[in-house]
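Please keep the sequence and the three-dimensional view at hand while reading.

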Amino acid sequence: MSTPNVTEDLDSDTAAQVLALAEDARRADGVAPLSEHTLLRVRHGAPSGSSRFHTAVEDGRVVGFAFVERVEGEPDSGEVVVGPDHRRRGHGTALLRSVRADAGPGGVRVWAHGRTPQAVAVAEAGGWTAVRELHKMRMPLRDIPEDVPGGPWRAPELPEPRLRPETSERVRLRPFTVGQDEEAWLAANARAFADHPEQGQLDLDDLLQREAEDWFDPQGFFLAVTADGKVAAFHWTKVHADGAGLTDGEPVGEVYVVGVDPDWQGTGLGRALTLMGLRHLRDLGLPWVHLYVDGDNTAAVRMYESLGFGMWDTDVMYAPTV
């Protein structure tokens with residue numbers, strides 16, 4: 001087993017192999033090993049100095065991969081995947097050693113999506129410990145019978161979104177307009193997620209890459225806009241054509257991201273926009289909707305539970321023991 005290669009970009013052939021590897025792992029494990037952000041970096045490349053790509057190669061083919069994103073003032077954030085047919089050969093351990101040896105001054109942390117037994121075993125054997133959890137929650141948008149995987153579930157009622165009178169006089173709810181709302185949304189997103197190491201760092205290139213994805217639909221991207229054109233809050237929904245592990249292939253929805261500008265916290269905009277997006281996904285005829293929420297964000301967890309969401313799975317971030 002050779003030492004993983006470390007680069008700041010990938011050639012087209014290597015990128016294609018990484019994407020195929022990730023898809024093989026998703027099918028074998030029932031959970032995607034790489035986030036959407038990482039897959040976009042593999043497809044489109046990354047800004048200079050922002051990312052590191054680690055590839056484990058066997059017989060000239062990529063059999064393992066790690067991606068690390070660097071954000072100033074934060075530990076590096078990474079993900080690791082090893083092909084199903086090449087596990088138990090030390091590739092996962094070698095990739096973890098590689099990202100640790102290559103880490104920036106703040107160190108590195110690595111996500112284990114779905115907390116699969118293989119990922120947990122490799123992390124713990126290497127002396128890495130859990131430091132953060134990201135809960136995945138789900139809710140049916142229609143009644144799920146007992147003979148369907150995940151059933152039985154009864155779909156909750158989704159009340160019509162209503163704004164408080166003092167709020168409704170100051171904002172208008174409408175879908176995102178491509179070519180018009182990008183800068184206003186980026187400003188609101190940066191303010192809403194100023195303390196979030198991933199979401200708050202999105203720039204115009206990141207947004208445009210997502211707009212170019214097949215799943216992007218501006219009619220499912222809801223904004224609360226002030227009279228002077230600023231975005232006070234937003235709810236961006238997503239449809240997963242492959243079922244995201246909730247179905248055998250029937251599309252499902254996602255609460256992709258909900259954000260509220262700090263100046264508008266406590267006005268009820270977050271809940272109203274969440275309901276607006278959920279009703280949109282329900283009206284598309286989708287059976288399920290899911291979302292991700294930080295494990296320590298108890299207020300958000302309680303709000304989603306009040307709407308009818310239940311816990312589904314958990315991603316775990318590991319850091320090496322010092």
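This is a predicted model: local features need pLDDT of at least 70, side-chain atom pairs count only at pLDDT 80 or more; totals for chains, interfaces and linings use all residues.

Strands E8 and E9 form a hairpin in which 4 residues lie between the two strands. Gly-229, in the turn of this hairpin, has a positive phi of about 85 degrees.

- Strand E7 (residues 171-175) runs antiparallel to E8 and is joined to it by 5 bridges.
- E8 also pairs with strand E9 (residues 231-240), again in the antiparallel sense and over 5 bridges.

- Asp-181 is placed in the loop between E7 and helix H6, which covers residues 182-192.
- Asp-181 counts as buried because its relative accessibility is 4%, below the 20% limit for that class.
- The side chain of Asp-181 reaches the backbone nitrogen of Thr-177 at a distance of 2.7 Å.
- When neighbours within four places in sequence are left aside, the contacts of Asp-181 are Arg-174, Pro-175, Phe-176 and Leu-223.

- Asp-143 belongs to the loop between strand E6 (128-140) and helix H5 (165-168).
- Asp-143 has a relative accessible area of 41% and is therefore partly exposed.
- Not counting residues up to four places away in sequence, Asp-143 touches Trp-153, Arg-154 and Ala-155.
- The side chains of Asp-143 and Arg-154 are joined by a polar contact of 3.2 Å.
- The side chain of Asp-143 also reaches the backbone nitrogen of Ala-155, at 2.8 Å.
- Asp-143 and Pro-287 are 144 residues apart in sequence, yet their C-alpha atoms are 7.9 Å apart in space.

**Positive phi outside glycine**

- Asp-59, in the loop between strand E2 (51-58) and strand E3 (61-69), has a positive phi near 55 degrees although it is a residue other than glycine.
- With a relative accessible area of 76%, Asp-59 is exposed.
- Ala-244, which is not a glycine either, has a positive phi of about 55 degrees and lies in the loop between E9 and strand E10 (252-260).

**The second largest pocket**

- The second largest pocket has a volume of about 560 Å³.
- Its lining comprises 27 residues, and those nearest the centre of the pocket are Val-80, Val-82, Gln-118, Ala-119 and Val-122.
- Two or more lining residues come from each of strand E4 (76-82), helix H3 (91-101), strand E5 (108-112) and helix H4 (117-125).
- H4 gives the largest share of this lining, with 5 residues.
- By class, the lining of the second largest pocket consists of 15 nonpolar, 8 polar and 4 charged residues.

Key:
Residues are numbered from 1 along each chain as its sequence is written. Side-chain values use heavy atoms; hydrogens and water are left out. On a 1 Å grid over the protein atoms alone, a cavity is a set of points where a 1.4 Å probe fits but cannot get out, and a pocket is an open set with protein on both sides within 12 Å along at least five of seven lines; lining residues have an atom within 4 Å of a point. Grid points are joined across faces, edges and corners, and a volume is the space filled by probe spheres set on the points. Ala, Val, Leu, Ile, Met, Phe, Trp, Tyr, Cys and Pro count as nonpolar, Asp, Glu, Lys and Arg as charged, and the others, Gly among them, as polar. Two strands pair if DSSP finds at least two bridges between them. Buried means under 20% relative accessible area, exposed over 50%, partly exposed in between (1.4 Å probe, protein chains only). A polar contact is a pair of N or O atoms within 3.5 Å; within protein, one must be able to donate a hydrogen and the other to accept it, and residues adjacent in sequence count only if both atoms are side-chain atoms. Contact means heavy atoms within 4.5 Å.
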